[in-house]
Amino acid sequence: MKETVMAIVGLGYVGYPLAVAFGQHYKTIGFDINSTRISELKQQIDHTNESDVESVENAVNLTLTNEIDAIAKANVYIVTTATPIDNALKPDLTTVLKAACTVGTVLSLNDIIVLESTVFPGVTEGEFASVIEKASGLTANIDFQLGYSPERINPGDELHRLQHIVKVVSATNPSTLETLYRLYNRI
């Protein structure tokens, strides 16, 4: 079996703690398009305050970047971008779908993509998968696999951080679900 290489796409209050946690166990690439955010995180400045210094220091397998090509080494991608609401109070999927396109440009055969952004039912296998397929030329559930894990971070809640909450994972097939269970269970 190929070595697991994680790419966490979006390093906000959900993605950064996830990257830190996975970076303690797996080769992990934290990616964000915001170069200032990357620069600050490399200096251990996290304005979200969702990761403690000890966890960050223990994330010895974590690298941080805003270079798209760097995430091409991954075989498991977790998208954790924001899903704000628009003026009509409907979810704005713009950043989620831009992240899907980004992942699609570097995706390889048999990779797994997990959506961990807050979305409504059907987005993962619908719009999200379609954008990845278009950008990659690959087909969901044949050439690459999909998973979903709802983000459960309560910003500022120091008692219920990532390592102390129950994570839910789902996937489009049993094999991918088993892989995701194994990966998330580690953290």
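Contact means heavy atoms within 4.5 Å. Helices (H or I, at least four residues) and strands (E, at least two) are DSSP runs, numbered from the N terminus. The model is predicted: local features need pLDDT of at least 70, side-chain atom pairs count only at pLDDT 80 or more, and totals for chains, interfaces and linings use all residues. Residues are numbered from 1 along each chain as its sequence is written, and side-chain values use heavy atoms, without hydrogens and water.

Helix α4 is described at the outset. The buried residues of α4 pack against β1, β2, β4, β5 and α5. Buried here means under 20% relative accessible area, exposed over 50%, and partly exposed in between (1.4 Å probe, protein chains only). The buried set in α4 consists of Val96, Leu97, Ala99, Ala100, Thr102, Val103, Gly104 and Val106. The helix has 13 residues and reaches 19 Å from its first C-alpha to its last. This is close to the 18 Å expected at 1.5 Å a residue, where the expected span is 1.5 Å times one less than the number of residues. Leucine 97 lies in α4. Leaving aside neighbours within four places in sequence, leucine 97 is in contact with Glu127, Phe128 and Val131. Leucine 97 and alanine 74 are 23 residues apart in sequence and 19 Å apart in space, C-alpha to C-alpha.

The nonpolar cores come next. A nonpolar core is a set of buried Ala, Val, Leu, Ile, Met, Phe, Trp, Tyr and Cys residues joined through side-chain atoms within 4.5 Å. The largest has 29 residues, and Tyr77, Ile113 and Phe128 have the most contacts inside it. At least two residues of this core come from each of β1 (5–9), β2 (27–31), β4 (76–79), α4 (94–106), β5 (112–115), α5 (124–136) and β6 (145–148). Helix α4 gives the most to this core, with 6 residues. Apart from this core lies another, of 27 residues, among them Leu11, Val14, Leu41 and Leu64. Isoleucine 113 touches Tyr77, Val79, Val103, Leu107, Phe128, Ile132, Phe144, Gln145, Leu146 and Gly147, not counting residues up to four places away in sequence.

Helix α1 (residues 15–22) is mostly covered, with 8 of its 8 residues buried. Arginine 37 lies in helix α2 (residues 35–42). Arginine 37 counts as buried because its relative accessibility is 11%. A polar atom of its side chain lies 2.7 Å from the backbone oxygen of leucine 11. Beyond its neighbours within four places in sequence, arginine 37 is in contact with Leu11, Gly12, Tyr16, Asp32, Ile45, Asp46, His47 and Thr48.

A pocket is an open set of points where a 1.4 Å probe fits, with protein on both sides within 12 Å along at least five of seven lines; lining residues have an atom within 4 Å of a point. The largest pocket holds about 410 Å³ of space. Of the 21 residues that line the largest pocket, Gly10, Thr80, Thr81, Ala82 and Thr95 are the closest to its centre. The largest share of the lining, 4 residues, comes from α4.

Glutamine 44 counts as partly exposed because its relative accessibility is 42%. At 64% relative accessibility, leucine 89 counts as exposed.

Methods
A polar contact is a pair of N or O atoms within 3.5 Å; within protein, one must be able to donate a hydrogen and the other to accept it, and residues adjacent in sequence count only if both atoms are side-chain atoms. On a 1 Å grid over the protein atoms alone, a cavity is a set of points where a 1.4 Å probe fits but cannot get out, and a pocket is an open set with protein on both sides within 12 Å along at least five of seven lines; lining residues have an atom within 4 Å of a point. Grid points are joined across faces, edges and corners, and a volume is the space filled by probe spheres set on the points.
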